[in-house]
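I opened this notebook to record what I looked up, entry by entry. The structure itself is shown first, and my entries follow.

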Amino acid sequence: MGAFLIYCMIILGLLGGIAFLMDILKNNKLFLFTAIPCFVLFACGWLGFLGQILGACNGLPFIGESFEWPVFSTTDSVTDSQGRTYVPIVSAARIQVYGRDGAFIRGWFVKESGGKALTILTNKDGNLEAYTTRYRLIFKPDGKILAKQDYSGPLDELPQQPPSKIKISCPLLLLPFANPFLAWLAGGLGMAGLFLHEKLLKKSSSPKTLKKTKSADSSKEIVE
């Protein structure tokens, strides 16, 4: 039910943004090259923020292990003895695996995380341990879950492992999908830009502006 409501919010938000954009372009086509980037920014922010919520609440069942979710930071990543690097994406409740060369291998969602907390460690057996606020999970490197146990201890007291030195690049337009703050920022700036265009349209079509324009045109005709 929660995922259904989020999908409805996505559709309604995008339809509202498109209607807003079309209204702006209908009244002034000169805004074509400025209004469209604002809409793209809004759409990326809107989709990015709600997409991360969908991932956290297990609302993206069609995304398989071959899909690479955009990564913003690898600060909490860990590397096993085989050189595989595991990167937790807390906001989307997902773990992704990369090779020694930084190439993406696979990824999977951890629905138990709920997008709230996800701390990972590698153990002596070569498996991955993932801790949430309620569970301790053990995964094989291929993402298959081996064990699930209740856990109520503090996450900040877990054994610390040196972070991986892997660097993962993320295209600029996909950054809102990798970080909820960037999603809010992109969406807010995009919407503010659309509202600014609407305000400029109202100002240019106001009686005072039209009167000034007519007066200027009349003065020009007299001079000529």
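Helices (H or I, at least four residues) and strands (E, at least two) are DSSP runs, numbered from the N terminus. I note at the outset that the model is predicted.

**Entry 1: asparagine 179**

I looked up where asparagine 179 sits, and I found it in the loop between α3 (175-178) and α4 (180-204). Is asparagine 179 buried or exposed? Its relative accessibility is 17%, so it counts as buried, because buried means under 20% relative accessible area. I then examined its side chain, a polar atom of which lies 2.9 Å from the backbone nitrogen of phenylalanine 181. Setting aside neighbours within four places in sequence, I recorded Gln52 and Phe72 as the contacts of asparagine 179.

**Entry 2: arginine 106**

I located arginine 106 in strand β4, which covers residues 104-109. Which side chain of opposite charge is nearest to arginine 106? I found glutamate 65, at 4.1 Å. Arginine 106 is buried and has no salt bridge, because a salt bridge needs a side-chain nitrogen of Lys or Arg within 4 Å of a carboxyl oxygen of Asp or Glu. I did find that the side chain of arginine 106 reaches the backbone oxygen of proline 141 at 3.1 Å. With neighbours within four places in sequence left aside, the contacts of arginine 106 include Glu65, Ile95, Val97 and Asp142.

**Entry 3: two positive phi values**

I looked up residues other than glycine with a positive phi. Asparagine 58 is one of them, with phi near 60°. I placed asparagine 58 in the loop between α2 (32-56) and β1 (78-79). Its relative accessible area is 44%, so asparagine 58 is partly exposed.

Alanine 93 is not a glycine either, and its phi is positive at about 55°. Alanine 93 belongs to the loop between β2 (85-89) and β3 (94-98). I read a relative accessibility of 0% for alanine 93, which means that it counts as buried.

**Entry 4: cysteines**

How many disulfides does a search of the whole structure find? I recorded zero. A disulfide requires two cysteine sulfur atoms within 2.5 Å. I also noted the accessibility of both residues: cysteine 8 is partly exposed, at 28% relative accessible area, and cysteine 57 is partly exposed, at 37%.

Technical notes. Residues are numbered from 1 along each chain as its sequence is written. This is a predicted model: local features need pLDDT of at least 70, side-chain atom pairs count only at pLDDT 80 or more; totals for chains, interfaces and linings use all residues. Side-chain values use heavy atoms; hydrogens and water are left out. Buried means under 20% relative accessible area, exposed over 50%, partly exposed in between (1.4 Å probe, protein chains only). Lys and Arg count as positive and Asp and Glu as negative; His and the chain ends are not counted. A polar contact is a pair of N or O atoms within 3.5 Å; within protein, one must be able to donate a hydrogen and the other to accept it, and residues adjacent in sequence count only if both atoms are side-chain atoms. Contact means heavy atoms within 4.5 Å.
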